[in-house]
Amino acid sequence: MHYIYLDYAATTPLDPDAALAAKPYYNNLFFNPSSLHALGQKAAGAVKNAREKCAFAINADSSEIYFTSGGTESINWAMRSVAGEKRHIVVSAIEHDAVIACAEYLEKNGCEVDYIKPNKRGTITVDALNSVLRDDTALVCVMAVNNIVGSIQPIKELAAAAHGKNALFFTDAVQAMNGLNVDVKDWDVDMLAVSGHKFYAPKGTGFLYVKRGTVIESMMFGGEQERGLRAGTVDVPSVVAMGVAAEKAQRLRENYVAHAKTVTEAFTKALDYGDIIECENKTDDIVCVRFYSEHKNIDGGRIAVALSCAGVCCSVGSACSAGSATSPKTLLEMDVEHANTAVRFSFGRKVSVAAAVNAAKIVNETIAKLLQ
């Protein structure tokens, strides 16, 4: 069966240029970048170059980039570094499971946590944040782009509000690298998490941006890799590939945004069923559709399975919580009625207009059968 893949928010394919750049470091240039000999320093140079490319992609300095295994590790590292006398943190209620789980862990270990609800259009407002900020707030955490509905958060304004209370501001930018101009200097964030496999880099790659002067704890103890804060031999081929992918995502951003808009408009116009979950401000590469019917309540999980059998791959929510039987938390926090009938379609570079329209036709046929 030929599948139409509409789950790019879950993962993307490896970019061919990134794969090509990584290949020599598996074979002829396999050396350990921590070795002081000439061959080890060749590998170290490649790591340095990759770090510079990742930094350039988000307008940071290379000394502020720490390589990790992906978004989850970066999130854990940032949030679990909260220490000192201030023990209050603020987290948006529509964060990825990794952030929510970290917040719950911190809460069990003595932190006070306030969760901010979004408005009904999926936005965390400055007023909502200000209502819970305290003099002892240590950290505010709000994602840049929501992974279920694609809502873009006002990160610059939220960070300014947090800094007004001398709190650190951390953002999960995992879903932002393709469609947003991620600029840590303009946003003035203290920490930012990125996952490589969401922007056509290998799985198991990512990085944490830490603004110069921000103190974080060591993630792993051992050697002096990542300036002594994350021990372990650097995966040279993977970080080389991620550097190329980050650079390419930044270079292709305008084309990507235009393509995503064209493709998703073609998809939504061809749909005969469903209500699009609208947001105040959103990316075009994520479309969340609620398929509620007064005559028959069809669960989103059942729809996703039926669509898979028909040749369209999509999601009910985050891939990290795919085994959950509950509705996506984001939709519940937005007070979306019948959230259990929602399905997420996410688009990428390789989705053509023809494929999007064909996918919509398959959705129409599938929903019609399920409503019989």
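Modeller: The largest cavity holds about 110 Å³ of space. Of the 16 residues that line this cavity, Tyr8, Gln175, Asn178, Lys198 and Asp285 are the closest to its centre. By class, the lining is made up of nine nonpolar, five polar and two charged residues. A search of the whole structure finds one cavity of 30 Å³ or more. Bear in mind that this is a predicted model.

Next, a helix. H8 runs over residues 236-251, which makes 16 residues. From its first C-alpha to its last, H8 reaches 23 Å, close to the 22 Å expected at 1.5 Å a residue. Helix H8 is mostly covered, with 13 of its 16 residues buried.

Then there are two loop residues with backbone angles to check. Asn166 has a phi near 60 degrees, a positive value in a residue other than glycine. Asn166 sits in the loop that lies between helix H6 (155-164) and strand S6 (168-172). The relative accessible area of Asn166 is 64%, and because exposed means over 50%, Asn166 counts as exposed.

His338 also has a positive phi, near 55 degrees, and is a residue other than glycine. The loop that holds His338 lies between helix H11 (329-333) and strand S12 (342-346). With a relative accessible area of 29%, His338 is partly exposed.

Terms used
Residues are numbered from 1 along each chain as its sequence is written. This is a predicted model: local features need pLDDT of at least 70, side-chain atom pairs count only at pLDDT 80 or more; totals for chains, interfaces and linings use all residues. Side-chain values use heavy atoms; hydrogens and water are left out. Helices (H or I, at least four residues) and strands (E, at least two) are DSSP runs, numbered from the N terminus. Buried means under 20% relative accessible area, exposed over 50%, partly exposed in between (1.4 Å probe, protein chains only). The expected span of a helix is 1.5 Å times one less than its number of residues. On a 1 Å grid over the protein atoms alone, a cavity is a set of points where a 1.4 Å probe fits but cannot get out, and a pocket is an open set with protein on both sides within 12 Å along at least five of seven lines; lining residues have an atom within 4 Å of a point. Grid points are joined across faces, edges and corners, and a volume is the space filled by probe spheres set on the points. Ala, Val, Leu, Ile, Met, Phe, Trp, Tyr, Cys and Pro count as nonpolar, Asp, Glu, Lys and Arg as charged, and the others, Gly among them, as polar.
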